[in-house]
Amino acid sequence: MAQSPVVQSRSAYAAAAPAGAPTLEVRNLQTHFFTRAGVVKAVDGVSFTVGRGKVLGLVGESGSGKTVTGFSILGLVDAPGRVVGGEILFHGQNLASLREEEMRRLRGNRIAMIFQDPMMTLNPVLRVDTQMIETVQAHEKVSREVARQRARDTLGLVGIPSPDERLKSYPHQFSGGMRQRVAIAIALLHRPELIVADEPTTALDVTIQAQILAEVQKLCAETGTAMIWITHDLSVVAGLADDIAVMYAGKVVERGPVSEVLDTPLHPYTEGLIGSVPSRNKRGEPLRQIPGMTPSLLSLPQGCAFQSRCPKAADICHQTPSLERLLPERDARCFRPHLPEAAA
Ligand SMILES: Nc1ncnc2c1ncn2[C@@H]1O[C@H](COP(=O)(O)OP(=O)(O)OP(=O)(O)O)[C@@H](O)[C@H]1O
Ligand code: SF4
Ligand SMILES: [Mg+2]
């Protein structure tokens with residue numbers, strides 16, 4: 001199959017990247033908000049790795065710290081928030097120590113973000129071609145014609161029919177799904193080495209969502225782009241991601257290869273999340289919602305943050321569990337994990 005020019009030039013670039021190094025390694029990231037009510041530890045010990053061409057699904061209930069993690073990687077956390085600890089190693093370089101100017105250069109060039117609302121990326125008063133051409137020319141010295149061609153190829157890549165005509169449209173002339181594809185295309189324009197996508201398909205129709213996910217997955221595999229896909233929807237992660245990191249109250253509580261984690265979750269919270277996915281329940285059986293609510297980050301209990309909702313909670317859970325390697329490639333933060341019998 002012939003590769004598109006977008007894919008070809010990205011591959012040439014990727015070949016120059018150091019072999020073997022993961023694209024991104026986040027180590028013990030801590031991002032806190034210094035509010036009047038107290039210090040909100042929105043991200044408080046997040047670690048994961050994303051390799052070239054791999055997709056990491058970052059999941060967890062609302063308020064678990066997924067977006068703040070994504071924003072921290074991109075250097076987009078605003079006051080009263082601040083990254084207060086840990087490392088964000090992009091090809092081994094710690095992004096947390098870069099100056100704003102250096103970070104801005106990386107964003108939209110080697111690292112891109114796709115937001116849930118495409119209008120965070122798109123300018124409503126400019127035609128799509130103007131926006132895309134300007135984006136290309138802001139980072140590369142190429143002619144308008146070359147930039148236009150890149151824009152057209154990239155729209156084609158995310159499955160927008162008649163890209164030449166669509167380039168002349170304004171964002172409001174696209175349907176919601178198409179508008180999100182345009183935002184994704186803009187994120188792809190520079191063949192970034194890393195994309196952080198924050199629930200970009202959640203508001204879309206299931207069929208369109210599936211199409212976009214298939215295209216994104218193909219693209220990552222072809223171009224070597226690493227991707228963090230943030231979602232609360234486990235069925236999206238099941239079909240798209242290679243690895244999964246499950247967050248609860250600002251911490252990663254479980255991580256590992258996606259099929260293994262979904263088949264045999266080690267952490268009671270992961271198990272609860274899986275139990276609450278409709279398609280995983282037998283027909284006619286009620287959904288098993290995780291009891292209780294996510295605790296306020298300002299008044300977390302002593303010890304494991306999940307204890308008030310956990311069916312396996314015991315005295316030891318008043319102590320603080322750390323993320324431990326329990327099986328090959330499988331980590332969990334729990335004193336009483338569900339270990340398969342052979343391993344227990
Ligand atoms: N500007 C802010 N000021 C104070 N606290 C904040 C601020 N932004 C985020 N937080 C805190 O960080 C926590 C995590 O927020 P985040 O947006 O990362 O959650 P999320 O996992 O992305 O949730 P959702 O699924 O709803 O998008 C929130 O519960 C909130 O307590
Ligand atoms: S540490 Fe205890 S309370 Fe926390 S998830 Fe494990 S068993 Fe449940
Ligand atoms: Mg969010």
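A polar contact is a pair of N or O atoms within 3.5 Å. Keep that cut-off handy for these exercises on a predicted model.

**Exercise 1.** Which residues make polar contacts with oxygen atoms of ligand 1, going by the distances for S64, G65 and K66?

*Solution.* Start with S64: a polar backbone atom of this residue is 3.2 Å from an oxygen atom of ligand 1. That's within 3.5 Å, so it counts. Next, G65 has a backbone N or O atom 3.0 Å from a ligand oxygen. Finally, K66 uses its side chain, with a polar atom 2.8 Å from an oxygen of ligand 1. Both of these pairs also pass the 3.5 Å cut-off. As for cover, the protein hides 64% of the 640 Å² of accessible area that ligand 1 has on its own.

**Exercise 2.** Find which element gives the most residues to the shell around ligand 1.

*Solution.* First, list the elements that give two or more residues: β1, β2 and α2. Then pick the top giver: α2, with three residues.

**Exercise 3.** Work out the strand order of the open four-stranded sheet, and where α2 sits on it.

*Solution.* Read across the sheet: β2-β1-β4-β5, paired antiparallel. The ends of that order are the edge strands, β2 (38-50) and β5 (93-94), each pairing on one side only. Last, zoom in on β1 and β2: they pair over nine bridges, and L29 has V46 of β2 as its bridge partner.

Definitions and conventions:
Residues are numbered from 1 along each chain as its sequence is written. Chains are lettered from A and ligands numbered from 1 in the order in which they are written. This is a predicted model: local features need pLDDT of at least 70, side-chain atom pairs count only at pLDDT 80 or more; totals for chains, interfaces and linings use all residues. Side-chain values use heavy atoms; hydrogens and water are left out. Two strands pair if DSSP finds at least two bridges between them. Contact means heavy atoms within 4.5 Å. Axes are lines fitted to C-alpha atoms, for helices over the stretch in contact, and angles run from 0 to 180 degrees between N-to-C directions. A polar contact is a pair of N or O atoms within 3.5 Å; within protein, one must be able to donate a hydrogen and the other to accept it, and residues adjacent in sequence count only if both atoms are side-chain atoms. Accessible areas come from the Shrake-Rupley method with a 1.4 Å probe; for residues, only the protein chains shown count as cover.
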